[in-house]
Every structure is written in C-alpha cells, then in structure tokens.
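Here are my notes on the model, as numbered points. Please read them with the structure open.

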Amino acid sequence: MKTSLIFQLLVLTLILTVPILAVQARGISDDELVIYYSFDEASLKGDDILDGSGNEYDGFIHGNNLKIVDEGKFNECMQFPGGATEYIAVRDLNYTEGIPELSMAVWVKTSDRGMIASWDRSDYFRFAVGDAAIEQFDFVAFDICCPIEDWHGDIKVSDGEWHHVAVTFDGDIKRIYVDGKIDVEQATATNNNMIGPKAQRYGFIGIGSEAGEFNGNASPTWTFKGLMDEFLMFHRALSEEEVENLYKSNGDPFAVEPVNKLSMTWGELKNTE
C-alpha cells in the first residue's frame, strides 16, 4: 500500500509538471517583423487592411472588387479577382537604401500566375507565383536586384490548392520554401550581398511596382487572382525551423502552444492501483 501511494504521488507530480516543462514554441519570434496582414474581417478598416505588426504599414485597397471572404486557410482571407486595378498599396514603407536581410511568407490558393508582393524587381525585389521574365508560370518566383537575379522554384503551386510559400535572403543565400520545406536554395551573386538599392520604391500586394511614391505606378500588371491569407514580411532571414513552424501554425504565427503532454490522466492513475 505504501509503495502504491508513493507511486501515485510521483505520477501526480509528473502530471502537474511535465505539461509545463514540455511547452515548445511552435510559433516564431516577431523580431524585425515589418508587415503582418492577417486578412481577417477584424483587420478591415474602411479602405485599409490594418497592419498587425504595430508598424502601421496599412494597406490601401485599390479597386472595387477585392473583398474579405470566409474561405481562408485560417478564418477569413483576401480574395483578389485579378485585373490591373485590383491590388493593395502599402502605406509608408518605401525603400531608398539596400536591404541586408529579408523574408516574406503567405498562404496562397490560385490557379494562375500572379504577383504576391513587389517593391520593383529592377530596383529591389518581387515575390510571385510565376514569372514572365523567365517564362515560368507555375512555381514560386523570388527576383532581386542588384544586379537583377530572376529565379524560381521547382514545386508547382498554381494548382488551385492552399500552399504556404516563403522566401528568405540573408546576404549570402536565398531560399524558396513550399509547405514548410526548402524548395530551392542558391548563393547570391558575389557582389549582391544586399537587395537594392536603386531608385526609391513603394510596394504593392497583388501587382508589380514601379512606384516612386505611395500608390504610384503599378507594373507589371499581371495581378494575383485567387486567395491570400496570413502575409508576413521581416527584415531578417527566417530559419528553416521558423518557416516550418509557420506552415504548421494554426493561424497565429507568434503563438506558443504546449506539445507532448503527458497522456495519463488521474482516472487512469487510479486504475493502476
């Protein structure tokens, strides 16, 4: 009886403590977070999508047919209809100097070539499904300057299904990820250890940019057609683990959730007597 009681006390202690000790960060750090568009209904304010990063780089909805729909990978998402007037112009975030590190990540669902984000590939960068410059239309493209490096992955993502796509640049290596895993990686050009700089550029979500001012010239005009959810942009290179955690997250990219909890319950413990 005494041995049984001691055993029960030991297991009860484990039940109470192991879940705490087994907490594992499944989200990622928000260090150097630049933009976070959740595309949830609550993030819509007038003609703007609110930036959840705290930096107030809100997105102006340009056009009359973009809308938030209840078809997101997590909660709601933004539906882009395609067309040269349907995109989001990012407020206030303009580049005039080189970018030493960069990451972007987003969930997309599309069957067509389309721009995800652009601050002008001829001056800074663009991130897309498909790319006219290298005549491929099914894979993730990550084009940077300067000099211009047009580059794409190998995994098809324009199949009408949800895919998590991400790109990273750390000055030495650029990477494309699809669904939490590296698709392709490549060393940058010898004299290309940062992105840009050339002319001042403002950015767009859903269309190309040549904008020298907010909501300026959009080009190229092959716009995104489909659904986007959970767009993130960082001024640092996310690690492989962080990209995988984004893919596995439940819609809150910075959440911490317990894993590997002790499965034995008090009822099960009592049955061991």
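1. Met 104 sits opposite Val 167 of strand 13. Strand 9 (102–110) and strand 13 run antiparallel, joined by 8 bridges. Two strands count as paired if DSSP finds at least two bridges between them. Helices (H or I, at least four residues) and strands (E, at least two) are DSSP runs, numbered from the N terminus.

2. The model is predicted: local features need pLDDT of at least 70, side-chain atom pairs count only at pLDDT 80 or more, and totals for chains, interfaces and linings use all residues. Residues are numbered from 1 along each chain as its sequence is written, and side-chain values use heavy atoms, with hydrogens and water left out.

3. Val 167 has a bridge partner in strand 14 too: Ile 176. Strands 13 and 14 pair antiparallel over 5 bridges. They form a hairpin with 3 residues between them. In the turn, Gly 171 has a positive phi of about 95 degrees.

4. How many residues of strand 13 are buried? The count is 8 of 8. Buried means under 20% relative accessible area, exposed over 50%, and partly exposed in between (1.4 Å probe, protein chains only). Trp 162, His 164, Ala 166 and Thr 168 point one way. His 163, Val 165, Val 167 and Phe 169 point the other way.

5. Helix 2 spans residues 240–248. Its Glu 242, Val 243, Asn 245 and Leu 246 are buried. Seen down the helix axis, the buried residues fall within an arc of 160 degrees, so they line one face of helix 2. The arc is taken from the directions from the helix axis to the C-beta atoms. Their cover includes strand 9, strand 13, strand 14 and strand 17.

6. Thr 223 lies in the loop between strand 16 (201–205) and strand 17. Why does Thr 223 count as buried? Because its relative accessibility is 8%. A polar atom of the Thr 223 side chain lies 2.7 Å from the backbone nitrogen of Gly 83. Contact means heavy atoms within 4.5 Å. Leaving aside neighbours within four places in sequence, the contacts of Thr 223 include Gly 82, Glu 86, Arg 113 and Ile 207.

7. Ile 155 is in the loop between strand 12 (136–144) and strand 13. Ile 155 counts as partly exposed, at 36% relative accessibility. Its C-alpha is 6.6 Å from that of Asp 183, 28 residues apart along the chain. Not counting residues up to four places away in sequence, Ile 155 touches Asp 138, Phe 139, Val 140, Val 178 and Asp 183.

Technical notes: A polar contact is a pair of N or O atoms within 3.5 Å; within protein, one must be able to donate a hydrogen and the other to accept it, and residues adjacent in sequence count only if both atoms are side-chain atoms.
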